[in-house]
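This report covers a predicted protein model.

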Amino acid sequence: MLSHCVRSVLCTLKPPRALQPCRRHRSTPSSGDAHGLGLFMQLCVDGRYVSPGQANAELFRRGASCVYGTLGVELRRNLLEQWWHSVTRSSAQVFGINTLCRSKETATDGRGKLGIVDSGYLKRIIEKQELSKEQLIQEMEKLIHRSHSLRTDFLQGALEEFVPSLDLVNRKLPFGLAEFGPCFLPSDGSGCPAEVTQTSLAWFCSPRTSSQWLDHWVQQRLKWWRKFALSPSDFSSIEVPAEELEEATSRGVRIVYSFPWGQEPLETLWSRGHTELLQTHKGVHSKLQCRDGRKSVPHVVSVTGNMDRGVMAFLSNSLQQLKKEDGKQKLLRRTVLKLHPVLAPVKVALDIGRGASMELRQVCEGLQQEFMDAKLSAWPGYLATLPMSMEQLNAKYDEMGVLFAVVVSDNTLESGLLQVRSRDTTIRETKHISEIKNFLSRYISAADNL
C-alpha cells in the first residue's frame, strides 16, 4: 500500500514553529553563492556525509532528512546518542517512551497529524466518470476522514503516555518523557510531507515552577549544543515573539545556529500550561493530579529538536579552511572538518606504508578488529586500490574529519612502532602498536569530559 499526499489536508496544516526557519533573521543568498553554500554542500558530498544529487542536497539544506552518506549516518547516530544521554542522565526522572509513527486517529482528530490514504483507492475514485463534481468531493472527504495519520511531532504521544507513566514516579513531580525518531511535516506548498529526525522531551512540573523549569532547560540545552562546537558563540538562544507563540503556549525560546546565510532554529522550548494535557484526557482532573507539595494538574514544558539541521550545524561549525606557507614560500590551502572527537564518525584511519603489503595488511586487519572491539570507528584505508601520496591521504582525511591517521610500515613489523598523525595539530608521532587503542580511548574520553 502506498501513501498519497492529500493536498487539501496538508494545506490546512502548518509546520510546528519549532522547525520553521527564523525568517526575520534570515538573509537570502545571492546568485553568486556569496555565503559559500555551494562549496559547503560539495564538501559534505565529497566527505561522504550527504549522498549526491540536487534534490537530496536541497532536503539537507532545508533541515529535512535526506539520503545520508556513510559518515553522515554515523554523525547523526552519534549526535542522537549524545542527546539521549544528556536528557536521560540529566535527571533520574526522565524516562524513554516509544510511540507509533502511524496512528489510528484520523487526520482531523487531535493535533500534529498528517493524513495518508491508499493511492490506488484514490485513483479509482478519481477515475469514476459517473460521479459529478459534488459527488467526487464527497467521496474524497469520506476517504480523508477514514484515513490514518502520521505524526508531525511527539508531543501528543507524550501527553497520552502521561497517565500510564505516573506509577513510575508515584505521582510525584517533576518528571519527563523523552523520545526521538522520524516525524513528517508539510513542505513549502508542495503538498507532500518532508521527513525530519526529531527529538522530544515533555517535562511535567508544578504550575508554580514551570517558568523556572523552562529557563533551566534552555540553559541545559544551549550548554549541550555549545559543548561540541568549535565556535560556541555561533549557538545562541532567542525569545519567541508574542505574535509567533503557538496556541496554548505562554512563552517560547528558540536555540538557533548562525549559518553563513542566517540563523536557523535547532530546538524550540515551549511553556504549554495544562490545556493540551486536559484535552488529551477528556478534562478528567482526578486522574491527572500529581504531588509537588500540593495536588495539581501539571504544566508541560516541551523541548523539540531537529537533529537533521543539527548535523548541518555541526558540519558548518567545524569546517575550517586554513592557509599557510611551506618552506619554499608557497601558499598552501588546507580544508579540515574539526568535528568534536565524540561526534566524529571516524576516529582513526589505517593505511599501509612501504613494505610487504600482505603482512602489513594483516597487521591492519588485526588493529581494525581491536578498534571495533573497543567501539572505536576505523576507516580501512589499507583496502584502497588507487595509490595516493601521504599528502593526498592527509588532505582526504582532514576533509572527512578523521581524528588520527595511522600508518603501518616495515618498521611496525620490526619494532612494533607506528606513525600517528593528528588532524587538529598535523603533528606526527611515533607510538607502539600496543599503545594505540588506549591512546585513542583516553583522547576521546578526555574530550567528552571537558
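## Overall make-up and backbone details

Of the 450 residues of the protein chain, 49% count as buried. The accessible surface of the chain comes to about 22300 Å², and carbon and sulfur atoms contribute 51% of that. The chain holds 15 helices and 20 strands. Among contacts with a separation of 6 or more, 68% join residues 24 or more positions apart.

The mean pLDDT of the protein chain is 85, and 84% of the residues score at least 70. Confidence is highest in strand β8 (residues 235-239), at a mean of 98, and lowest in helix α1 (residues 7-10), at 32. The pLDDT is below 50 over residues 1-32, a stretch that has 82 contacts in the model beyond near neighbours in sequence. Residues 106-112 also stay under 50, with 20 contacts beyond four places in sequence. Where pLDDT is low, the predicted coordinates should not be read in detail.

Most residues other than glycine have a negative phi, and most peptide bonds are trans. The peptide bond from L173 to P174 is cis, with omega near -5°. P174 sits in the loop between α8 (162-169) and β6 (175-186). Two residues other than glycine with positive phi are listed below.

| Residue | Phi | Loop | Relative accessibility |
|---|---|---|---|
| A248 | about 75° | between β8 and β9 (251-259) | 32% |

Conventions
Residues are numbered from 1 along each chain as its sequence is written. This is a predicted model: local features need pLDDT of at least 70, side-chain atom pairs count only at pLDDT 80 or more; totals for chains, interfaces and linings use all residues. Side-chain values use heavy atoms; hydrogens and water are left out. pLDDT is the predictor's confidence in each residue, from 0 to 100. Helices (H or I, at least four residues) and strands (E, at least two) are DSSP runs, numbered from the N terminus. Contact means heavy atoms within 4.5 Å. Buried means under 20% relative accessible area, exposed over 50%, partly exposed in between (1.4 Å probe, protein chains only). Accessible areas come from the Shrake-Rupley method with a 1.4 Å probe; for residues, only the protein chains shown count as cover.
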